Amino acid sequence: MTEDMSQYPLQLEGDNIPMVRFQNVRKSYGALTVLDNLNLDIDMGEMVTIIGPSGSGKTTVLRMLMTLETINGGVIYVDGEPLTHMEKNGVLVPASPAHIRRIRSKIGMCFQHFNLFPHMTALQNCIEGPVQVLGMPRKKAEARSLELLDMVGMADKRDQYPSRLSGGQQQRVAIARALAMRPKVMLFDEVTSALDPEVIGEVTNVIRKLVDAHSLTMLMVTHQMGFAKDISDRVCFFFNGAIEEQAAPSELFENPQRERTQQFLNAVLEAN
Amino acid sequence: MQWRWEWTWELLPRFLDATGKTLMAAGGGYAIAVVLGLVLVLAQRTPFRPLTVVVRELVEFIRSTPLLLQVFFVFYVGPQFGINLSPWTSGLIAIGLHYGAYLSEVYRGGIESVPKGQWEAATAINMSTVQTYRRLIIPQALPPAISGMGNYLVGIFKDTPMLSVIGVAELMHTANAVGAQSYRYLEPYTMVGILFLAISLPTAFFITRFEQWVRRKMGM
């Protein structure tokens, strides 16, 4: 089934273009459809949280935006330009690796299992991208990375290898590493799920700081409902590969409209 | 039969000289194998399917046929197609090709031992594939590959006698020549064994220490 690509604009125009737009995005693995016709706009500076039962496709949304997964239909736009596609003879065609790299530079991501580079110290982890990818002079990259490590409270551990750091500490370094690339959009994929309960706070506090201090656009998948309620501008509840309900956190958590949302929230509340 | 010490000492310089040749053959062959193995493993990981299939089959073919046959093939069959190579060149090519195939499997194991999350983190900081291999994957694939690489270093060294059959004047070739002249084989072959042992054992020991050192250096 080929899609009519003429329905998609070559780029987004107007006064209020979203930082991220998913338009009719579809993702399947063979016969299994993971996401069906996803339409989602995220505004500049907005903090959007995705919640939902496992298998609802919420992590897939982040992974598609980071280009860790290819999409099977639709278009993803970042900062007004298509990410998954590029213009050729007036229509959108699948993007070349070079095009993807150019647009992808606006996106950063933190993972559930941190994925720090084990053969590099905390500081080396942070300067790797700026030096290798952005071509920044080492001294400058170090100075900037130290500021970021300081911001996440890890400056004193700069020369430690990841194996010597706790989970919470590793995740904070991973946040600094992602920020060192100066992304416009930050993705947090269950960044507290692999952490011991007593260190979750040190990571959520860093994310709170980011919400307060930066004009970053953020998209987060989390199981921490309290945290989601506190810091999100908007919460999306995913069910079966589609957005079942989305609203401001006060509304979605206090007064969910859909039955499935109520069931999910009740189940989560009971578990806690 | 009595061991003749005097004769042994007389032969020693010639055998030491041959040991040098053996080391050259092993070192040269290994240098080829180390680089070729990397080429073979990376070729199998390109998205270009025909290339990966051909290289995969080539590696399987080389690993499934005897080294001795490959040595003969390069040396004797080559000239029939107008490719005339000296014994040394033929020997190095054959042994380098053979061990390159084995080393590519060692590298493959090392590369596959690097967690998928490392590739994803590389994508997240927008690294190119080449940068990802050079900065992240190969450095992490190396420590687990060192012991396998070390085994094959000792292996290639012990296989250099195969080159004697096409006239490379290494240790085995020298011992054979001495034996044929004097009709005494005890001293020459014993010396060959001792010389091999004198190099293999410290090499194996050094490799183990090196592996530990690399792991420490990389914070693992």
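How far apart are the closest N and O atoms in the salt bridge between B:Glu105 and B:Arg108? They are 3.0 Å apart.

## About the model

This is a predicted model, in which local features need pLDDT of at least 70 and side-chain atom pairs count only at pLDDT 80 or more, while totals for chains, interfaces and linings use all residues. Residues are numbered from 1 along each chain as its sequence is written, chains are lettered from A and ligands numbered from 1 in the order in which they are written, and side-chain values use heavy atoms, with hydrogens and water left out.

Let's start with the overall count. A salt bridge here is a side-chain nitrogen of Lys or Arg within 4 Å of a carboxyl oxygen of Asp or Glu, and there are 25 of them over all chains.

B:Glu105 and B:Arg108 both sit in helix 4 of chain B, three residues apart, or about one turn of the helix. Helices are DSSP runs of H or I with at least four residues, numbered from the N terminus. B:Glu105 also pairs with B:Arg56, with the closest N and O atoms 3.5 Å apart. B:Arg56 lies in helix 2 (residues 49–64) and B:Glu105 in helix 4 (residues 87–112), so this pair ties together parts of chain B that are 49 residues apart in sequence.

A salt-bridge network links B:Arg56, B:Glu60, B:Arg63, B:Glu105, B:Arg108 and B:Glu112.

Buried means under 20% relative accessible area, exposed over 50%, and partly exposed in between (1.4 Å probe, protein chains only). B:Glu105 is buried at 16%, whereas B:Arg56 at 22% and B:Arg108 at 27% are partly exposed.

Over in chain A, A:Glu69 and A:Arg63 form a salt bridge with closest N and O atoms 2.9 Å apart. A:Glu69 is buried at 16%, and A:Arg63 is buried at 13%.

Note on methods:
Helices (H or I, at least four residues) and strands (E, at least two) are DSSP runs, numbered from the N terminus.
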